[in-house]
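Subject: Structure for your files

Hello,

Here is the structure you will be working with. My notes on what was found in it follow below.

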Amino acid sequence: MADNKIESVLKEHRVFEPPRQFVEDAAIKPADVEALYSAAEADHEGFWADQARKHLDWHQDFSTTLDDTNAPFFKWFTDGKINVSYNCLDRHLSAKADKTAIIFEADDGNVEHISYADLHARVCRFANALKAQGLAKGDRAVIYLPNVPEATVAMLACARIGAIHSVVFGGFSAPSLRDRIDDAEAKMLITADGNYRGGKLIPLKEVADKALSEGCESIESVVVLKRSGADVEMRDGRDIWWHDVVDGQPADCEPEWVDAEHPLFILYTSGSTGKPKGIQHASAGYLLGAVTTCRWVFDLGDDDVFWCTADVGWITGHTYITYGPTACGATQVMFEGVPTYPEPDRFWKMVDTHQVTIFYTAPTAIRALMKHGDEYPQRHALDSLRVLGTVGEPINPEAWMWYRQVIGKERCPIVDTWWQTETGAHMITPIASYTPTTPGSVTHALPGIEADILDESGERVTDAGAGGVLVIKKPWPYMLRTIWGDPDRYKETYFGMYDAHTYVAGDSAQRDEKGYFRILGRIDDVVNVSGHRLGTMEVESALVAHEAVAEAAVVSRPHDVKGEAIVAFIILKDGEGDEQLASDLRNWVSEQLGAIAKPEEIRFADGLPKTRSGKIMRRLLRTVARGDEVTQDVSTLENPQILDQLQAKGT
Ligand code: WTA
């Protein structure tokens, strides 16, 4: 985050109470929240046991709440049996069969309403089809689909039969898809011929074919949804159309009752090394977090129309599209397109059309739409809205205030929700009906979540304004269980800094005078571009895989819309860099990883600033990338003359 942004956040003292009318109408009252906090403080495990029995339907009750005998490999509700899809679908059928579960709006504006009964039938049919294709409990299926209801159907169908899904965002490249398929040893790939986003064709099947052309030996079948109608190649004996596999399948499928700890999904995310981590979540605990946070944070109830604008390919889409709203029996909007197509009022128009009451998006979208001007939101009434949320990256006070005034008309509480792929659901966030909010602040931890800030020696940092390492001091039901296939990396990454009970989030944070948390940024080599997590090492590995590149170092600099933008310093094998090569390298990264990883700027140099022991001085590169004056001590630099060259403007 930009230093000047941190400044403006630090000077932020405005406090906004939850609007009185909102609190009066809310399902969860301040007294209920107080009761939750005191129950959680009095008995952490007992609190979560009560919540698990209240919010989830169990096939068999559990007797152990938390098993921490093998910390940090925690287990929750161990001898309980459950099925996640049953909780998201079947349990609503008696009272809400005809209630709309999903209002789907396609890129071209086409709208489809799917009832709970219909969603249940679709999931059952597809679950039966998966079984017929040989997918069984514990097998992995990679889902590479657009943000369409079939993605939710595929995820819930996997959950229904106890198969483990791993969704790969549709913007990821062939090599990224291949790596994830290989790491998960997936037996099946579920994809589409393609789809349109912002009027542009995304050729998913073509990318999938490229991924499958090398490696991916574990894949036995590829199920292809017809969506774009594009001409695609169907390989005999491997590829089969979605409509053919479901044809003739019964609309009922007995759920597979699995152990509470049975893996529900793996979702890959970036870390400090070049290789993405397969974050593994467990069935019951994860679902519990999805439900409690929807209820508490958003005050999600039966009359709401909830809209999370994320893609199901990210954790936000998992928790706040596929699992949370459905487990709550709510109505939600799902959108295939982009906020600026056909015009920058698409979101606001959809809010009015579908009478959205709870709207959840990323700061990067807010900043981008704010730039287009107030006339776009002003075309629409926006009076159905009652809660606004943000997620994924720090929000600057200016964007927060715009969101509050222009979108929420000062009537809607804003919940700035801090959490991660690893945490499964919200952790530190205001509760809409309870928490006075401050622009740029994620306020306080939820009931049952013990967040704190520690210094390097493990002492608590309590002074207002002092920064430290953000930690969670007690296990919580919806935390990740391990990194798929790499338990040592799990232990080391998240519990290596202090002890086996102290989860290290990878972010630094500070408190203000009210004790509210503020997130300062990552402490590892992870950057956040438009709310998407990227490892600088991943981008570096992609760059050095290019034939012209000898060495690469990647850092980020602040960007007023994307939050952060990638700057790559490149040492060529020979010759000088030019505009053309810079553009080739940008496209190369996009092909290797996906468009979100495309560097904003490429700078060619003869060398990188290194210490005499050969370590790249990243802090120095960050200063240079920002165009700031270098105040660091450069006396340890092996090659100080390189500095002038690095500071020259890039292409
Ligand atoms: C950042 C997204 C500031 C943070 C749900 C975290 C945030 C990373 C916020 C996780 C927020 C997420 N304010 N920063 N409200 N929410 N982050 O795994 O650095 O894609 O560690 O999960 O995003 O990103 P991930």
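In what order do the seven strands of the open sheet stand, and is the pairing parallel, antiparallel or mixed? Please keep in mind that this is a predicted model. The order is β5-β4-β17-β16-β18-β19-β20, and the pairing is mixed. Because β5 (111-115) and β20 (414-417) stand at the edges with a single partner strand each, one side of each has no neighbour in the sheet. From one strand to the next, the twist averages 20°.

Inside this sheet, β16 (residues 305-308) and β17 (residues 331-335) run parallel and are joined by three bridges.

Four bridges hold the antiparallel pairing of β21 with β22 (residues 467-472). Opposite Leu454 stands Val469 in β22.

Next, the domains. The chain is divided into domain 1, which covers 20-446 + 455-508, and domain 2, which covers 530-647. Their centres, taken over C-alpha atoms, are separated by 33 Å. Domain 1 gives 24 residues to the contact and domain 2 gives 20 residues. About 1500 Å² is buried between domain 1 and domain 2, and carbon and sulfur atoms give 48% of that area.

How do α19 and α20 pack? Helix α19 (residues 536-544) and helix α20 (residues 579-592) pack at an angle of about 115°, and their axes are 9 Å apart. Their crossing is right-handed. On the α19 side the contact uses Val539, Ala542 and Leu543, which meet Leu585, Trp588, Val589 and Gln592 of α20. By type, the residues of this contact are six nonpolar, one polar and no charged.

Last, the backbone. Most peptide bonds are trans, and most residues other than glycine have a negative phi. The places below depart from one or the other.

- Ala71 and Pro72 are joined by a cis peptide bond with omega of about 5°. Pro72 lies in the loop between β1 (66-67) and β2 (75-76).
- Tyr341 to Pro342 is a cis peptide bond, with omega near 0°. The loop that holds Pro342 is between β17 and α14 (346-354).
- Glu185 is not a glycine, yet has a positive phi of about 45°. Glu185 is in the loop between α9 (174-184) and β8 (188-192).
- Gln355 is not a glycine either, and has a positive phi of about 55°. Gln355 is placed in the loop between α14 and β18 (358-361).

Read together, two of these entries sit on either side of α14: Pro342 is in the loop between β17 and α14, and Gln355 is in the loop between α14 and β18.

Regards

Notes:
Residues are numbered from 1 along each chain as its sequence is written. This is a predicted model: local features need pLDDT of at least 70, side-chain atom pairs count only at pLDDT 80 or more; totals for chains, interfaces and linings use all residues. Side-chain values use heavy atoms; hydrogens and water are left out. Two strands pair if DSSP finds at least two bridges between them. Helices (H or I, at least four residues) and strands (E, at least two) are DSSP runs, numbered from the N terminus. Axes are lines fitted to C-alpha atoms, for helices over the stretch in contact, and angles run from 0 to 180 degrees between N-to-C directions. A crossing is left-handed if the near helix is turned anticlockwise from the far one by less than a right angle, and right-handed if clockwise. Contact means heavy atoms within 4.5 Å. Ala, Val, Leu, Ile, Met, Phe, Trp, Tyr, Cys and Pro count as nonpolar, Asp, Glu, Lys and Arg as charged, and the others, Gly among them, as polar. Domain bounds come from an automatic or database domain assignment. Buried area is the accessible area (1.4 Å probe) that two parts lose on being put together, summed over both.
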